[in-house]
Structure formats: structure tokens, C-alpha cells
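The sequence and the model are shown first, and a description follows.

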Amino acid sequence: MRWALDEVRREGATVGLVPTMGYLHEGHLSLMAAARADTDFVMATIFVNPLQFAPGEDLASYPRDPDGDRAKAEAADVDLLFSPEHDEMYSDQVLTTVSVGGISQSMEGATRPTHFAGVATVVAKLFAIAGPCRAYFGEKDFQQLAVIRKMVADLSFPVEVIGCPIVREPDGLALSSRNAYLTPDQREAAPVLERALKAGAASVRAGERDPSAVCTLIGEIIAAEPEAELDYVALVDPATLEPPAGILEPGTYRLLTAARFGIPRLLDNIALEVPG
Ligand code: AMP
């Protein structure tokens, strides 16, 4: 595989990298399409990374469909699909990990304290394997995107990180491999996440400038849905993920939430523009 990459680079080709955990859906395929449009050689990866799952999380039951994924990647005109076995990625004893402080600790990091070190470590390995490239990540996992951008800046990886917009179902639910776990009632309830975030943004358009009032409104809408068990709502700076110190000043922010619907925990987020 390295040989194939060295070969294309010798020809002056640019490489587009799309890391995934498989069970591919239109969200993943949108990243592959962006990479296909921007770069000469598209490398997609499928690896359900054990380091980013805590004991008791859904590593063993994470949905998998290797044959379907291969067909979808081929249809997306991916040049190289890298789906390593566990032992190809990790030795018996992993002594080196990458952890990105601060930005990893709030929101997803508060609920899943070891998650982002697992993500950063596997993505660092994929960057080392792929070499200089453009790497495509979804805004669906907005905190992950910010963590990876920070890791790339701090460790000087020769990688340009590209964030791609969230692909949604017609009723607003963000596509996710974990949507496969939802019961029909949970599936029907799940679009409440985007609906609540949009209601928060609408309150700002109507003049609300208190971040905690915006978050409370969003949380109340989600909590009113019996199938949903709210985890967090946050209003943050899109680069640092820090909450604003006081009332909202004009600018761009991000609204994020996570809630459990039965077993699956679903994430969503939208941009928030505060007009001048
Ligand atoms: P995953 O397989 O869930 O680890 O996701 C692999 C990549 O696909 C990550 O960069 C995700 O943010 C991205 N992704 C997942 N769902 C979506 C979506 N609905 N829209 C856009 N990107 C997505």
C-alpha cells in the first residue's frame, strides 16, 4: 500500500484521505466525493478502532458490513480502500498514544474521557501511513474535527484538514452508523436534536443574547421528548470550543448537543450566526 502511495506521489499526484469506521452511508460518501473532486488519489480507510471505545461501549456490536462497504467505496471511485486488521494497526502493547488537552475534555470528552486520545492516536497513525495529504472529516463529529485540527497544528503533520457539512435524512436526523440501532419509536423521535438546535438559533435571531438561556431552551425541547435522555447542550467558539465569557457578541458560534435514545447516543450540531 505504501508502495502504491509512493508511486502516485512520484507522479506528482495529491492524496485525499477519508478515515472511517465503516458501515458506510451518504455522510461518509460525501467525504469521499469531496476528496475525489479535490485530489488525484483517494484513500479511504475502514477501521473500528478499539482505542476509542471504553469498556462497556459498543465496540463488539458496532455495525459492520465489509462487502457492502467495498462496493460503496468502489462506486465512489475510491482508489485505495485500506481496511487493516487489528494486528496490522496495533502491537500487543501500545505504549505511545496522542492526547490533545483542553479541547478534548468538554462535551464528548466529559462523557467519554478516553475517547479522543483513541481517536487522535489512530488518526495520527493513519496520517503517518498516508503521508502528506488532504484529510476529510465530517462536521457531524464537530469536536473530533476540532481535536484533529489542533493535533495537526501542534504536531506539524503535513496534512490539510478539510471539514465537510453534515449530511441529513429528509426529516433532519444526521446520518450515523449508530442510527441502525434505533427502534422505530426512537428513530421517529431522533430529529428532535436538529429541531431543538434550530429553535436555539431562532431564539438568537429573535434577539436572545444569553448563552445559557439558548442552551436551556434547546435542553428543554430535547428533554420533553420521552425517547431522549439529554447528555449535554453547549454553545461554543467553533475553533477553541470554549464557551463565550458573557453575552453573545456578533460572530459565528457552534451549538452542539448529545442525547441517548435507548442504547445509541446521538450527536448533532449547527452553526450559530450572531448578527451585528
Ligand atoms: P465514523 O465512521 O462514524 O467514524 O465517521 C467517519 C467520518 O465520517 C467522520 O469524519 C465523520 O464525521 C463523518 N461523518 C459521519 N456521519 C456524517 C454525516 N452525517 N455527514 C457528514 N459526515 C459524516
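## The second largest pocket

Helix α3 contributes the most to the lining of the second largest pocket, with 3 residues. The structure is a predicted model. The space in this pocket comes to about 330 Å³.

The lining of the second largest pocket comprises 19 residues, and Ile46, Val48, Arg64, Ser83 and Pro84 are those nearest its centre. Sorted by class, the lining holds 11 nonpolar, 3 polar and 5 charged residues.

## Strand β2 and its burial

Ile46 also belongs to strand β2, where it points to one side together with Val42 and Ala44. Phe41, Met43 and Thr45 point the other way. In a regular strand, side chains alternate between the two faces of the sheet.

Buried here means under 20% relative accessible area. Of the 6 residues in β2 (residues 41-46), 6 are buried, so the strand is largely enclosed by the rest of the structure.

## Neighbouring strands

Strand β1 (residues 15-20) runs parallel to β2 and is joined to it by 6 bridges. Within this pairing, Thr20 stands opposite Ile46. Strand β3 (residues 80-82) is likewise parallel to β2, with 3 bridges between them. Leu81 of β3 is the bridge partner of Ala44.

Helix α2 (residues 26-38) forms a right-handed β-α-β unit with β1 and β2. Helix α3 (residues 66-75), which lines the second largest pocket, forms a right-handed β-α-β unit with β2 and β3.

Methods: Residues are numbered from 1 along each chain as its sequence is written. This is a predicted model: local features need pLDDT of at least 70, side-chain atom pairs count only at pLDDT 80 or more; totals for chains, interfaces and linings use all residues. Side-chain values use heavy atoms; hydrogens and water are left out. Buried means under 20% relative accessible area, exposed over 50%, partly exposed in between (1.4 Å probe, protein chains only). Helices (H or I, at least four residues) and strands (E, at least two) are DSSP runs, numbered from the N terminus. Two strands pair if DSSP finds at least two bridges between them. A crossover is right-handed if, with the strands pointing away from the viewer, the path from the first strand over the helix to the second runs clockwise. On a 1 Å grid over the protein atoms alone, a cavity is a set of points where a 1.4 Å probe fits but cannot get out, and a pocket is an open set with protein on both sides within 12 Å along at least five of seven lines; lining residues have an atom within 4 Å of a point. Grid points are joined across faces, edges and corners, and a volume is the space filled by probe spheres set on the points. Ala, Val, Leu, Ile, Met, Phe, Trp, Tyr, Cys and Pro count as nonpolar, Asp, Glu, Lys and Arg as charged, and the others, Gly among them, as polar.
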